[in-house]
Amino acid sequence: MQVTSPGGAVVIIDCGSGAHDLGQHLVAHAAGPLRGSILISHTHWDHIQGFPFFAPLFVRGGHWDIYGPAGLGQSLRETLAGQMQYSYFPVTLDELGASIRFHDLAEGSFEIDDIRISTRFLNHPALTLGYRLETKDACVVYACDHEPYSRTPGKSAPLHEDDRLHSEFLAGADLVIHDAQFTDAEYSSKKGWGHSPVEYVAEIGRMAGVTQMAFTHHDPSRTDADLDKIVEAVRSDLKKAGSEMEVFAAADGQLVQLHSSSRHGERGAGSSKSAAAPAIKDSAVLLGISDAGLAAVLAEAAFAEGVRTVHVSNGADTIQSAKSSPPSLIIVEDNPPDMDGLSVCRSLRMDGDHRLTDVPIVIVGKQEKEREAMSAGVTGWLTTPFSAQYAKAQIQAWLMRSACRWLRAPLPQDEDMRLTALRELSILDTPPEERFDRITRVAAALADVPIALVTLVDEHRQWFKSCVGLDVSETSREVAFCAHVALSRKPMIVPDTHLDERFADSPLVTGGPRIRFYAGFPLFHQKGGCLGTLCLIDTRPRQFSETAIQRFADLANVVQQELNSSPRQAASS
């Protein structure tokens, strides 16, 4: 799929065999090297096999950003590079001509030029993301390789909570491009394959107030005539239900142009959480499973992604283990009387231990008890039987949803010496001085940023000797970006905090002043300790050229000279 925004942003969604012809078309009509982005829903072969044949990647001077779901044990870059090893392909990833950046994603949101993109995990045997693309005038949702969370073909039933959330992800879209590989009649024998019946897609789209629905991921055995019959049947059902939603089967080369219009559905709420994949390498999963075979499947799924597991076989031990060493995820079997998973969940939720408040608890059982699960505080349900591959994808999703992307800076090795040097200056909590304020004013103007600071980091806080653009004089050291500079003793540039796992969930990013861009330049005491920074902050993503970085490093040296000179010397000069 190719999406072109009003601002000219080019976004390719998935990179199957069609990427060859699309790439040839783009290169043939380009005036020079191309810039664009590729969103990968997941890395099954039918979604990435065209990547090595996408011609713009071979053009020197081009710039491409590749986004996709992160694996726990392997990055998106490593996965795409795997199919381009010399054993399979004559050109390796590192030999491509264009400049390529890779971005590992989880659930959340990010921006590409004038497009705001929200992501949500879909229900598929591999970790898969759906994408919601919004400009000020239009909205497109791509949800390919997804199946219902709970639905009996041909029968109406209360909407499953996860299907309701999926409907919210689609809500009010001008166009939804949705997996619709099967019919209800076919789906009953293909549950767990990760694809949807067309009747479910029409139903969920109608409920979500979608304007146009494009069925995609057609079954390979379908003919055009087969697809036409399916579409006509769905249109007839929608007409009987009084729905105005337009439906059609997506076709190769088809063009859909979207304009601002009055929509009969409410817009879905975009996530404010960064979509950058969190760091969860040290995650632990607690398995409260009495069935040895089931425990083996789940342990295999976790081990495949490098996740540590702890296995206990009864409810009391599950509770004790969770409280003694809180895990990242709890998976507990519901098979009374051997293992009463719902009772275990209730006990943990009612215990009052704040360390377990946000830990996801997933119940494994033969039949989902949705009402009881909600009242017990269950996060999700894994219905048996299932494959290790499916369990692996679900474990990945649960861990990533619960992980926090915020890294506090450790103390520098020279912390005692650094603090002693800072106190020797007798500058903390002193009134503002023009010799520093004029530098922050110049820095803010040169960088075209709303906030510029001279910060000093002591034991518990970062204090602002000079401040342009903020109403506060200090923040906690725990949330301080500048504490990372004091640790590294090097300039630190963060182009987009939403895409940086160290800062995406920081209170200074998710709340005021909503930092998106940060540039910090270290300030050193004459004895060598890093005292703080000259820092520049923006509420939008930014890039600094090497020339700009050097310019602000020079300006930081001026601040450093002022810090190391006494106020009396500065005044006399």
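A: The axes of helix α4 (residues 161–170) and helix α6 (residues 198–207) come within 8 Å of each other and cross at roughly 65°. Helices here are DSSP runs of H or I with at least four residues, strands are runs of E with at least two, and both are numbered from the N terminus. The axes are lines fitted to C-alpha atoms, for helices over the stretch in contact, and the angles run from 0 to 180 degrees between N-to-C directions. Two packed helices are described by the angle between their axes and the distance between the axes.

Where the helices meet, α4 contributes D163, H166, S167 and L170, and α6 contributes Y200, I204 and M207, with contact meaning heavy atoms within 4.5 Å. These residues divide into four nonpolar, two polar and one charged, where Ala, Val, Leu, Ile, Met, Phe, Trp, Tyr, Cys and Pro count as nonpolar, Asp, Glu, Lys and Arg as charged, and the others, Gly among them, as polar.

This is a predicted model, in which local features need pLDDT of at least 70 and side-chain atom pairs count only at pLDDT 80 or more, whereas totals for chains, interfaces and linings use all residues. Residues are numbered from 1 along each chain as its sequence is written, and side-chain values use heavy atoms, with hydrogens and water left out.

Helix α6 also holds E199, which is partly exposed because its relative accessible area is 28%; buried means under 20%, exposed over 50%, and partly exposed in between, with a 1.4 Å probe and protein chains only. The side chain of E199 reaches the backbone nitrogen of D184 at 2.9 Å, and the C-alpha atoms of these two residues, 15 residues apart along the chain, are separated by 6.6 Å.

Elsewhere, A295 lies in helix α8 (residues 292–303) and counts as buried because its relative accessibility is 6%. Not counting residues up to four places away in sequence, A295 touches L287, I289 and H311.

P491, in the loop between α15 (482–488) and β21, is partly exposed at 44% relative accessibility, and, leaving aside neighbours within four places in sequence, P491 is in contact with G520, F521 and P522. D496, in the loop between β21 (492–494) and α16 (507–510), is buried at 10%. The side chains of D496 and R516 are joined by a polar contact of 2.8 Å, that is, a pair of N or O atoms within 3.5 Å, of which, within protein, one must be able to donate a hydrogen and the other to accept it, and residues adjacent in sequence count only if both atoms are side-chain atoms.

Finally, the confidence of the prediction is given by pLDDT, a value from 0 to 100 for each residue. The mean for the protein chain is 88, and 92% of its residues reach 70 or more. Confidence is highest in strand β10 (residues 175–179), at a mean of 98, and lowest in helix α18 (residues 567–572), at 44. Over residues 568–573 the pLDDT is below 50, and this stretch has three contacts in the model beyond near neighbours in sequence. Where pLDDT is low, the predicted coordinates should not be read in detail.
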